[in-house]
Amino acid sequence: EFAHLFAGLVQLADWLGSDTRFFPYGESGEDRNQWVWSKAQEAVETIGLDTRTWRLSLPKELDFSAIFKVGKPHPIQAKMGINELGPLLILESETGSGKTEAALWRFAQLFQTGQVDSLYFALPTRVAATQLYERARQFACNMWQGAGHEPLLVVRALAGYESADGNEAKKLPDFKVLWADTPDDQKAHTRWAAESSKRYLAAPLAVGTIDQALLGALQVRHAHMRHSLLSRSLLVVDEVHASDAYMATLLAHLLKAHLNAGGHALLL
C-alpha cells in the first residue's frame, strides 16, 4: 500500500517537474538550488495541490443557505455537516431530496477543517457528469463569494470533452493544449489537471465518470498516480447501487486503498 501511494507521488513529481512552463531550462553553470524549490512551491500552488490560501480565505463558519441559495437545509443535508461521522458514509434517499447538495456540503465541511484538499464527484455516465459540472462551478463561486479569493478550479473530467472554470480545451500537436484561444493566458497554468485524463484527479474540484477513479485500482499505467492524487480527496460515488458485480468489486478494492491512505468517501 505504501509503495502504491509513494510511486504515485513520484510519478506526479516527474510529470510536474518535466513541465517547462513551471521549470524552464536555465543557463549552464547557474545555481538553481534555491530557484527550483521556489518554482516547485509555485507549481503546486498554481495547479491547486496546495490549498492553504483557499482554506484560510473562508469564514470560520460556512453558511449552507448562502452557498446553495436556499432556505434551511434538509435533514440529510444538515447531517452531512457533522465532522465526526467517519471517513466512509452511505447516503440513501429518494430522487430530488438534495443528495447532490448534501455531498457538496460534506466536501465544504471537510475542506474547511483540513481533512481533504479536493473533491472528485464520480458519476455513472458522461451526460450526468456534464449536467453536474455547472452546478459544481456555481457551488465553488458561491463558497468563495466575498472571500477575497478566486474559487477553486472546477474541472469537467471527461476525456475529449475537457473543461476547466468554463473554458474549453483545444488539443495541439506534441501533447500541448490551448485554452480559450489565448496562448498567453496567465490562468492557463492553473488548468494543468484538465490537460490530460491521467491528471484529472489532481484538480481541486473535478466532476467526471467513475472509471477515472477505478483506474487507480487496476494494474494499468498511471494507476499509482491516480491513487496518490485521489488520496487527498473526498470521493463521491453517485448511483452506486447501479454498479454491476465487476464494478462493485473494483470499487470495494478502490475504497479500501483510498480509506487506508487517509481519504474520505461518500456513496450515494
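At 2% relative accessibility, Thr51 counts as buried, where buried means under 20% relative accessible area, exposed over 50%, and partly exposed in between (1.4 Å probe, protein chains only). Thr51 lies in the loop between helix H2 (33-46) and helix H3 (52-56); helices (H or I, at least four residues) and strands (E, at least two) are DSSP runs, numbered from the N terminus. This is a predicted model, in which local features need pLDDT of at least 70 and side-chain atom pairs count only at pLDDT 80 or more, while totals for chains, interfaces and linings use all residues. Residues are numbered from 1 along each chain as its sequence is written, and side-chain values use heavy atoms, with hydrogens and water left out.

**Overall fold**

- The protein chain contains 10 helices and nine strands.
- The radius of gyration, taken over C-alpha atoms, is compared with a globule rule of 2.2 Å times the number of residues to the power 0.38.
- For 268 residues, a compact globule would have a radius of gyration near 18 Å, and the 19 Å of the protein chain agrees with this.
- The C-alpha trace of the protein chain spans about 65 × 45 × 35 Å along its principal axes.
- Of the 268 residues in the protein chain, 46% are buried.
- Among contacts (heavy atoms within 4.5 Å) with a separation of 6 or more, 69% are between residues 24 or more positions apart.

**Loop residues and their surroundings**

- Not counting residues up to four places away in sequence, Thr51 touches Phe111, Asp117, Leu152 and Arg232.
- Met80 is placed in the loop between H5 and strand S1 (88-90), and at 5% relative accessibility Met80 counts as buried.
- Leaving aside neighbours within four places in sequence, the contacts of Met80 are Leu85, Leu89, Ala102, Trp105, Arg106, Gln109 and Leu266.
- Met80 and Tyr25 are 55 residues apart along the chain, and their C-alpha atoms are separated by 47 Å.

**Positive phi values**

- Lys69 is not a glycine, although its phi is positive at about 55°.
- Lys69 sits in the loop between helix H4 (64-68) and helix H5 (75-79), and is exposed, with a relative accessible area of 53%.
- His222, a residue other than glycine, likewise has a positive phi, near 65°.
- His222 belongs to the loop between helix H8 (211-214) and helix H9 (223-230), and counts as buried at 11% relative accessibility.

**Salt bridges**

- Side chains of opposite charge can pair when their charged atoms come close.
- A salt bridge is a side-chain nitrogen of Lys or Arg within 4 Å of a carboxyl oxygen of Asp or Glu, and by this rule the count comes to nine salt bridges.
- Asp50 and Arg52 form a salt bridge in which the closest N and O atoms are 2.7 Å apart; Asp50 is buried, with a relative accessible area of 15%.
- Arg21 is bridged to Asp19, with the closest N and O atoms 2.7 Å apart.
- Within this pair, Arg21 is partly exposed at a relative accessible area of 29%, whereas Asp19 counts as buried at 9% relative accessibility.
- Glu134 and Arg137 meet through their side chains in a salt bridge (3.3 Å, N to O).
- Because Glu134 and Arg137 are three residues apart in helix H7, they are separated by about one helical turn.
- Both are partly exposed, Glu134 at 42% relative accessibility and Arg137 at 24%.
- Salt bridges that share partners also join Asp19, Arg21, Glu195 and Arg199 into one network.

**The second largest pocket**

- On a 1 Å grid over the protein atoms alone, a pocket is an open set of points where a 1.4 Å probe fits, with protein on both sides within 12 Å along at least five of seven lines; lining residues have an atom within 4 Å of a point.
- Grid points are joined across faces, edges and corners, and a volume is the space filled by probe spheres set on the points.
- The second largest pocket has a volume of about 480 Å³.
- Its lining consists of 24 residues, of which Lys99, Thr100, Asp238, Glu239 and Leu268 are the closest to the pocket centre.
- Helix H6 (99-112), strand S2 (118-123) and helix H7 (126-143) are the elements that give two or more residues to this lining.
- H7 gives the most, with four residues.
- By class, the lining has 10 nonpolar, eight polar and six charged residues; Ala, Val, Leu, Ile, Met, Phe, Trp, Tyr, Cys and Pro count as nonpolar, Asp, Glu, Lys and Arg as charged, and the others, Gly among them, as polar.
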